Amino acid sequence: MAAIRFSNVFKRYASGQDALLGVDFELASGEMAFLTGHSGAGKSTLLRLIMLMERPSRGQVWVGQQDLSRLHRSQIPYLRRQIGVVFQNHQLLFDRSVFDNVALPLQISGYDPADAARRARAALDKVGLLAREKHNPVTLSTGEQQRVGIARAIVHKPKLLLADEPTGNLDPELSEDIMRLFGQFNSIGTTVLIASHDLSLINRMQHRMLTLRNGRLVADG
Amino acid sequence: MAKPEHTQHNTGATRPSASRQPLPHQPSATDRGPTERNASAPRRGAQQHRIQFADRSRSWRRHHLNVAREALLRLKQTPVASLMTLAVLAIALALPSFLLASLGNLQALTDGWDPQPRIALYMQTELSDAAIDSFSRELMLREDLSSVELISRQKGLEDFRQYSAFADLLERFDSNPLPAVIMVLPQDTDPLQLPLVRNELAALPGVDQAQLDMEWVQRLAAILALAQRGSYVLGGLLALAVLLVVGNTVRMTIESRRDEILVSKLVGATDAWVRRPFLYSGFWFGLLGGLLAWLLVQLALLLLAEPAQALADLYLNAFELQGLGFQGSLIMLTTATLLGLSGSWLAVSRHLREIEPGVASSGEA
């Protein structure tokens with residue numbers, strides 16, 4: 001059973017640039033994998049296709065049972081609610097507290113406020129930032145901000161967790177902390193796919209590695 | 001091939017049915033109207049259905065209340081800008097309302113007057129009552145007159161005594177100074193034909209004077225109709241202005257909340273969810289602008305009340321200045337609110353689609 005399946009996926013941007021050229025792979029449910037490659041190899045595009053932030057030019061992308069090409073625009077939000085995403089630039093909102101940032105996905109999905117608060121605190125506790133819930137994210141360090149982003153990505157207990165360069169701006173020690181956190185989520189059954197070019201870190205993690213080069217999948221294992 | 005297990009995970013305790021459905025069919029309570037929600041409810045048991053429906057509709061109501069409250073608070077956060085916008089809206093809304101209310105008053109004032117053009121024939125005072133009576137009977141036979149009414153000298157005197165403030169004037173006369181009057185209604189009310197009829201009647205023997213009256217009432221009515229039409233045109237233009245003002249204000253709010261919209265869409269916000277706060281801003285702008293306009297109109301009418309009363313007193317007329325009234329106020333507030341909503345809808349439908357995560361953040365490929 002596959003959590004994610006790419007079948008001969010091509011992506012050409014309107015500018016004429018080819019980001020993906022015939023990508024084929026399957027990520028099993030409960031698996032954890034790294035997606036690596038040089039900058040511009042198509043890592044972000046691949047993740048964006050899973051989130052339906054982009055549509056493939058050719059080929060099919062499946063998330064769980066769902067063929068994304070058959071998903072109407074109005075159904076995209078319900079796809080995204082099933083996926084947790086950690087962004088490179090963490091995409092936090094600085095007009096509200098850490099707690100409100102983390103609770104946002106729950107609010108959007110219509111959770112009961114008391115239930116949402118409980119879950120948001122649990123997520124913050126998991127990333128070790130419960131004490132900072134009332135702070136504005138702007139007052140936090142980069143590493144802490146990234147952890148808030150992770151808490152937001154996992155607050156609704158997604159089956160699938162995506163991360164785009166989650167350790168991009170962090171020092172090696174913090175990076176390892178963050179990766180360990182992803183490992184923990186994976187150990188409780190979450191499928192995890194992390195795009196990263198931090199090869200030394202990835203090699204230590206001993207997980208499956210998908211390597212992209214110029215839009216082609218050149219290595220898997 | 002994928003199996004169902006994948007999609008059976010992330011649902012919260014608040015949505016027991018969601019785990020039974022494949023990916024795209026997980027409408028949360030905040031996204032659908034009541035009927036839609038009903039339709040997508042699980043087919044398990046009536047009991048559970050009802051609980052879930054109640055739960056969802058409660059969550060939906062709570063969400064709307066929250067969004068409405070937050071939109072209002074957001075207006076308060078920028079008091080000066082909000083007040084300026086509201087003042088513009090209030091003036092734009094008050095102007096046509098005030099004009100229409102004033103015209104309504106003028107119409108009420110003239111409604112008591114018979115707009116049918118009559119010709120009054122003042123008979124020579126030397127004629128005997130019998131001669132006048134037979135003359136009026138002759139008039140009745142004419143085809144071009146639809147009604148003939150004789151006011152004898154005696155009747156005229158009594159009427160004058162009863163209705164005029166100058167009744168004691170009559171005491172100074174030895175005999176009745178008033179002529180007999182025959183009021184006739186011509187068949188043909190064409191404003192061009194009426195003077196001809198008048199001239200013809202004036203030339204009849206025994207007629208001292210023929211006066212075409214009520215002509216000015218018709219003219220006044222025509223002027224009022226014109227003014228009313230003008231007010232509607234002005235109202236339409238100002239309604240357009242309200243739409244644009246609200247639309248522009250909401251557009252700026254959308255622009256200032258761009259990040260929030262992007263992030264919300266990324267974590268699964270529907271278009272409706274994203275749209276909602278802005279529609280509520282428009283709603284509040286409309287409603288508050290309408291209330292302010294209502295105050296302005298009532299204030300203006302209050303200022304007019306005294307001189308209007310003085311004028312009415314001069315004409316011995318039991319006229320009272322009417323405000324907007326309950327119905328008028330309701331129409332005004334509803335119109336204002338709908339205009340606010342439509343204005344924000346225009347802005348939202350134009351600008352929200354432009355803010356899409358994929359398009360906005362194309363960094364590394």
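**Hairpin, domains and sheet in chains A and B**

In chain A, strands β9(A) and β10(A) make a hairpin in which two residues lie between the strands, and Asn214(A), located in the turn, has a positive phi of about 50°. The model described here is predicted. Strand β9 covers residues 208-213 and strand β10 covers residues 216-220 of chain A; the two run antiparallel and are joined by four bridges. Within this pairing, Thr211(A) is found opposite Ala219(A) of β10(A).

A second pairing in chain A involves β6(A) and β7(A), which run parallel and are likewise connected by four bridges. Ile83(A) has Leu160(A) of β7(A) as its bridge partner. In a regular strand, side chains alternate between the two faces of the sheet. In β6(A), Ile83(A) and Val85(A) point one way, Gly84(A) and Val86(A) point the other way, and all are buried.

Helix α5 of chain A spans residues 142-154, which amounts to 13 residues, and extends 19 Å from its first C-alpha to its last, close to the 18 Å expected at 1.5 Å a residue. Because 10 of its 13 residues are buried, α5(A) is largely enclosed by the rest of the structure. The buried set includes Gln145(A), Gln146(A), Arg147(A) and Val148(A), and also Ile150(A), Arg152(A) and Ile154(A). These buried residues are covered by elements including the strands β6 (83-86) and β7 (160-164) and the helices α3 (98-109), α4 (113-126) and α6 (172-187) of chain A.

The domain assignment divides chain A into domain 1 (2-82 + 160-220) and domain 2 (97-157). A distance of 23 Å separates the C-alpha centres of domain 1 and domain 2 of chain A. Nine residues from domain 1 of chain A and nine residues from domain 2 of chain A take part in the contact. On the side of domain 1 of chain A that touches domain 2 of chain A, α6(A) supplies the largest share, with four residues. By class, that side of domain 1 of chain A consists of seven nonpolar, one polar and one charged residues.

Chain B contains 11 helices and four strands. Of its 365 residues, 26% are buried. Among contacts in chain B with a separation of 6 or more, 81% are between residues 24 or more positions apart. The domain assignment of chain B gives domain 1 (63-112 + 219-357) and domain 2 (118-213). The C-alpha centres of domain 1 of chain B and domain 2 of chain B are 53 Å apart.

The sheet of chain B is open and has four strands in the order β2-β3-β1-β4, with antiparallel pairing. Strands β2 (145-151) and β4 (207-213) of chain B are at the edges and have a single partner strand each, so one side of each lacks a neighbour in the sheet. From one strand to the next, the twist averages 20°. Strand β1 of chain B, comprising residues 118-123, pairs with β4(B) in the antiparallel sense over six bridges. Met123(B) has Val207(B) of β4(B) as its bridge partner. Helix α6 of chain B (residues 194-202) packs on the sheet and touches β1, β3 (181-186) and β4 of chain B. The direction of α6(B) makes about 165° with that of β4(B).

Terms used: Residues are numbered from 1 along each chain as its sequence is written. Chains are lettered from A and ligands numbered from 1 in the order in which they are written. This is a predicted model: local features need pLDDT of at least 70, side-chain atom pairs count only at pLDDT 80 or more; totals for chains, interfaces and linings use all residues. Domain bounds come from an automatic or database domain assignment. Two strands pair if DSSP finds at least two bridges between them. Axes are lines fitted to C-alpha atoms, for helices over the stretch in contact, and angles run from 0 to 180 degrees between N-to-C directions. Two residues are in contact if their C-beta atoms, placed from the backbone, lie within 7 Å. The expected span of a helix is 1.5 Å times one less than its number of residues. A residue is buried if 20 or more other C-beta atoms lie within 10 Å of its own, exposed if 12 or fewer, and partly exposed in between; C-beta atoms are placed from the backbone. Ala, Val, Leu, Ile, Met, Phe, Trp, Tyr, Cys and Pro count as nonpolar, Asp, Glu, Lys and Arg as charged, and the others, Gly among them, as polar.
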